[in-house]
Each structure stands twice: as C-alpha cells, then as structure tokens.
Amino acid sequence: EEPPIIFSGIQPTGRPHLGNYLGALKQWKHLQDTAHPDTKLFFCIVDLHAMTTPHARGEMQELKWDMMASLLALGLDPDRCTIFFQSTVPQHAELQWILSCTASTGYLSRMTQWKSKLKLDDNATIETTKGKKTLKHGLFSYPILQAADILLYGTTHVPVGEDQRQHLEFTRECVSNFNYAYKTDLFAAPETLISPFPRIMSLTTPRQKMSKSDSATKSLLHVTSSPKKIIQRISQAVTDGRNEVTYDPENRAGVANLIHLLAGFDPKGRTPEELGETMKGYKISELKQVVIEVLTDELAETRENFVRLSSNKDKLREISAQGTQKARLQAEKIMAKVKDVTGI
Ligand code: ADP
Ligand code: NA
C-alpha cells in the first residue's frame, strides 16, 4: 500500500481570504499536522491559472510572493510539505496539452464557471485585433490544467472547498478518457476531501461567494487583516433588516454567514446550529462584536507572521526554490510514465 499523496492549489490573484481559509487552507494545515509522516503534501500557487484574468506584470509578481508569505504565515511548513509556484514546474503545461488530446470539449462547454464569468464579467472575453469579443480559450480549458496539476503528482487526495466539486468531477473524466485511449491504468481518480465548513459568502452580497476576484473590496476579509480592518469589515457586513439573531441559512444568508465564520474559528469547535442556539436573543450588533473578537484573536499570529515573512524576500525565494526542486522530482517520475504509454 503506497502512502497518500495530497495535492491542492490556490490562485495568486489576491491575499487569501476567510473563504479560502475555511474552505481549503485550514484543511491543508490540519493534514500537514496530522497525516502520517510518509504522506507527501504538495501545495501549489497556481500562477498559470491566475493568467486567465487580466493582470499587470508587477501586480502578479507582488501577489505571488504575498501568497507564499501568507501560506507560511498560516503555519504551512516547507520541511513538511512542498510549497511552490506552478510555473516553475513546466510539466504542468506539458501534461495539460497531453490530457487535452483526449479531453472532451462537450464536457467543458457544459461546465458552469466560464459561463457565469462570461455573464458577470467582461474579463472572460478578449477583444481581438479585429475588434471582436470572444471567450478566452485559457478560461474555457483551464479545468484541463487543473486536472494536469492533480495527476502530475500521482495524487490520491485533493482537499478543496465545496465550489470545486464540479472541477474534480472533470478530473475524473480526464482520467477515464486518457486511460481508455491508451489502454492503461496509469492515472487513478483522486479522492476529493471537501471542507466540512459551509462556503463563505461575500460580506456585502451574501448570496454570492467570497472570492479574490470580487472587485468590491469590502466584500472580503483577508487572513492577514489588521484588527482595525476586521472591525471595519465585520461592522459593515450586510445582514438584513431584522435585529435579532436566528440561524436560518435559507432565508437569512448574511446572518448565517457571520455564524459560519464564528463556527470556523470557534476554539470549542461548535457547529453553526449549536452557535445559532447559543446566540439566540442576541442583537446583530452583539453577534458582530463576538465575531470581531474571535477573528482578532485567531488571526493575530497569522498577521504577525505575515509581516515578518514578507519583509524577508531571500527566505521566501529559498523556500520557493526548494519547493520547485521537490515538485519537479515527483513530476518527472509521472511524466516518464506518460511518455512511455503514449509513445512520445
Ligand atoms: P478564489 O475564488 O477566492 O480566487 P481559488 O480559486 O484560488 O479562490 O480557490 C482556492 C481554494 O479556496 C479552493 O479550494 C476553493 O474551493 C476555496 N474557496 C474559494 N472561495 C471560497 C469560499 N468563498 N468559501 C469556501 N471555500 C472557498
Ligand atoms: Na476560484
């Protein structure tokens, strides 16, 4: 029985927010701290994925290092896991091409993410030199890159937030198409480890998920936020007209979101239902006060670590180089097998 191999990624499109933390990073840290020492953990800052949205060169550079510092600040340990930038391991793009040769465009065109981006966001399209608007191919096909990211390491488990479920299904599809085409069992579909926490919603439009790509900056709270920022964002969080606390995620999304944050950071590990019960009779302003106190306490160390780490660029570069080397070693092993079965 081979030891587990864990892979997950995050886009360097902004600092990680509370949704990223409760949906993914908290699990990454927990796996690092509890997994058998033989378990391999790969945590990838997926800069190639970040290219699907427009970006300035300088901003990309800054956000990449910010993400590296944030992951370390949250307690990910480069001696225990492999933390690296996707673009430093060229096999990601190589395997994407190979998988795309057996991937179905029909399946991709039924996926929802590019459709919703296309509706909401002009950034899903490019204007061609001929003055036409067209869907970007990178955005359309990036689930194949995501499949390549995962399969490149012989991954057995992928810890992600609930919003990634559809993409993991597509990875499974890529596995069966490739294996069928080449009459091989080289790839195996990994197991998805969906976060136990509910999806975290925007603080300003609580029917929409909190996302780095949301341009409304008041909608998110970063894990590196100062106490002042925590107070601002939570105090301004949109709830509804009613002044008393009840836990009703169907009808009171904004209030439920605050309770979900509380549950995610609760030192006693209580469920949203239990906390909702405890908070019955509280006013919304009192609930917000509790959320502010818990977040301020729980994020203090992360913020301190982040400030210290981000000023030590040499250290970050060294950790990145070490991660690249470890990741390439594993990627080369799998690619050798891929080349063997495909005959290239
Ligand atoms: P974003 O949408 O903020 O750019 P990414 O695409 O980089 O985030 O996803 C990184 C991880 O964070 C994924 O595992 C994803 O499932 C998780 N995630 C993103 N947003 C949320 C959210 N609002 N609630 C819970 N998990 C989330
Ligand atoms: Na996303």
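How many residues surround ligand 1, and which are the closest? The shell has 19 residues, and the closest are Gly19, Gly23, Ala24, Val160 and Gly161; a residue is near a molecule if its C-beta atom, placed from the backbone, lies within 6 Å of it. This is a predicted model, in which local features need pLDDT of at least 70 and side-chain atom pairs count only at pLDDT 80 or more, while totals for chains, interfaces and linings use all residues. Residues are numbered from 1 along each chain as its sequence is written, and chains are lettered from A and ligands numbered from 1 in the order in which they are written.

**Ligand 1**
- Helix 1 (residues 18-34) gives the largest share of the shell, five residues; helices are DSSP runs (H or I, at least four residues), numbered from the N terminus.
- The shell consists of six nonpolar, nine polar and four charged residues (Ala, Val, Leu, Ile, Met, Phe, Trp, Tyr, Cys and Pro count as nonpolar, Asp, Glu, Lys and Arg as charged, and the others, Gly among them, as polar).

**Helices 7 and 8**
- Helix 7 (residues 137-151) packs against helix 8 (residues 165-181) at about 75°, with the axes 9 Å apart; axes are lines fitted to C-alpha atoms over the stretch in contact, and angles run from 0 to 180 degrees between N-to-C directions.
- The two helices are therefore roughly perpendicular (65 to 115 degrees).
- The contact of helix 7 with helix 8 involves eight nonpolar, three polar and no charged residues.

**Lys333**
- Lys333 lies in helix 13 (residues 313-342).
- Lys333 is exposed, because 12 other C-beta atoms lie within 10 Å (exposed means 12 or fewer, with C-beta atoms placed from the backbone).
- The C-alpha atoms of Lys333 and Leu152 are separated by 8.9 Å, although the residues are 181 apart along the chain.

Technical notes. Angles under 35 degrees count as roughly parallel, over 145 as roughly antiparallel, 65 to 115 as roughly perpendicular and the rest as oblique. A residue is buried if 20 or more other C-beta atoms lie within 10 Å of its own, exposed if 12 or fewer, and partly exposed in between; C-beta atoms are placed from the backbone.
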